[in-house]
Amino acid sequence: MATKSLSVLGDAGAGKKTLVGNLIYKCGLELPRVEELEGEGIRQYAEIVLFYQRKGYKQSFHSPSGSFVVQTSSAAPDVVLWVVDATDAGNYTTSAQKLATLLSNGTLRPREKLLILVNKMDLVGWSQNAFEDVVRGFGAVDIKEEHAFVPVSALRDENVLSSPQEHGWVNSASTSGSEAGKVSGQPLLYQLE
């Protein structure tokens with residue numbers, strides 16, 4: 001199994017550290033790290049990232065297709081996760097413009113795929129309309145076929161490792177395109193294959 005690089009980018013306050021902490025906790029922790037986290041009283045996903053940064057530990061996790069190492073630069077990673085806050089309706093267009101600029105000027109060049117994660121879906125009641133508003137807000141971004149939009153709640157671990165059972169629209173989300181790109185009904189972890 002190959003090790004791939006991953007960049008987690010997006011807006012401030014969108015839940016990037018919570019997302020990475022969730023993936024490390026659920027798919028990457030080894031027993032010595034669990035003991036260290038417990039010893040320091042770390043109980044929140046975002047605190048795991050800060051702990052790893054403070055200790056100089058490599059932020060990594062496993063997926064069905066192999067391992068991922070989170071890199072701090074955006075220089076040509078294998079996969080990019082662009083995280084958008086579903087509760088910040090006034091910022092979708094700005095976020096889309098930032099992403100479009102990074103892609104068009106070559107600053108951001110994912111080798112395999114770009115996943116646009118619409119995070120904090122729990123805070124908007126897993127509203128399909130809120131999710132679709134974000135997707136429409138990214139309509140001006142050149143989204144390629146291998147890129148997709150994925151609704152998640154990193155804090156509640158919904159649609160990160162497994163599909164949220166109580167939000168049926170997610171499981172039946174269109175895999176063909178919307179005006180802005182492909183929408184995925186699969187959980188994030190399975191998008192990393």
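User: Buried means under 20% relative accessible area, exposed means over 50%, and partly exposed is whatever falls in between (1.4 Å probe, protein chains only). Why does Trp169 count as buried, then?

Analyst: Trp169 comes out at 15% relative accessibility, and the cut-off is under 20%, so the label is buried. Keep in mind that this is a predicted model, where local features need pLDDT of at least 70 and side-chain atom pairs count only at pLDDT 80 or more, while totals for chains, interfaces and linings use all residues. Residues are numbered from 1 along each chain as its sequence is written, and side-chain values use heavy atoms, with hydrogens and water left out.

User: What makes Tyr52 and Tyr57 an edge-to-face pair?

Analyst: Rings of Phe, Tyr and Trp (its six-membered ring) pair if their centres lie within 6.5 Å; planes under 30 degrees apart are stacked, over 60 edge-to-face, and the rest tilted. The whole structure holds 8 aromatic pairs by that search. For Tyr52 and Tyr57, the centres are 5.6 Å apart and the planes sit at 80°, so edge-to-face it is. Tyr52 is buried at 3% relative accessible area, whereas Tyr57, at 22%, is partly exposed.

User: And why is the pair of Phe131 and Trp169 called tilted?

Analyst: Its planes make an angle of 45°, with 5.5 Å centre to centre. Phe131 sits in helix H5 and Trp169 in helix H6 (residues 168-171), so the pair ties together parts 38 residues apart in sequence. Phe131 is buried too, at 2% relative accessibility.

User: How do you know that the buried residues of H3 line one face of the helix?

Analyst: Helices (H or I, at least four residues) and strands (E, at least two) are DSSP runs numbered from the N terminus. Helix H3 spans residues 45-55, and its buried residues are Tyr45, Ile48, Val49, Phe51 and Tyr52. Down the axis of H3 they fall within an arc of 160°, so they line one face; that arc is taken over the directions from the helix axis to the C-beta atoms. Remember, an α-helix has 3.6 residues a turn, so residues three or four places apart point the same way. The buried residues of H3 pack against helix H1 (16-27) and helix H2 (31-39). Phe51 and Tyr52 also join Tyr57 in a cluster linked by ring pairs. After H3 comes Gly56, with a positive phi near 75°.

User: What makes E5 largely enclosed by the rest of the structure?

Analyst: In strand E5 (residues 113-119), 7 of the 7 residues are buried, so the strand is largely enclosed. Both faces are covered: Lys113, Leu115, Leu117 and Asn119 are buried on one side, and Leu114, Ile116 and Val118 on the other.

User: How do you know that E4 and E5 are paired?

Analyst: Two strands pair if DSSP finds at least two bridges between them. Strand E4 (residues 79-85) and E5 have 7, and they run parallel.

User: Why is the β-α-β crossover from E4 to E5 called right-handed?

Analyst: The chain goes from E4 through helix H4 (residues 92-104) to E5, and the crossover is right-handed. That label means that, with the strands pointing away from the viewer, the path from the first strand over the helix to the second runs clockwise.

User: What makes E2 and E7 edge strands?

Analyst: The open sheet has 7 strands in the order E2-E3-E1-E4-E5-E6-E7, with mixed pairing. Strand E2 (60-63) and strand E7 (182-183) each pair on one side only.

Conventions. Contact means heavy atoms within 4.5 Å.
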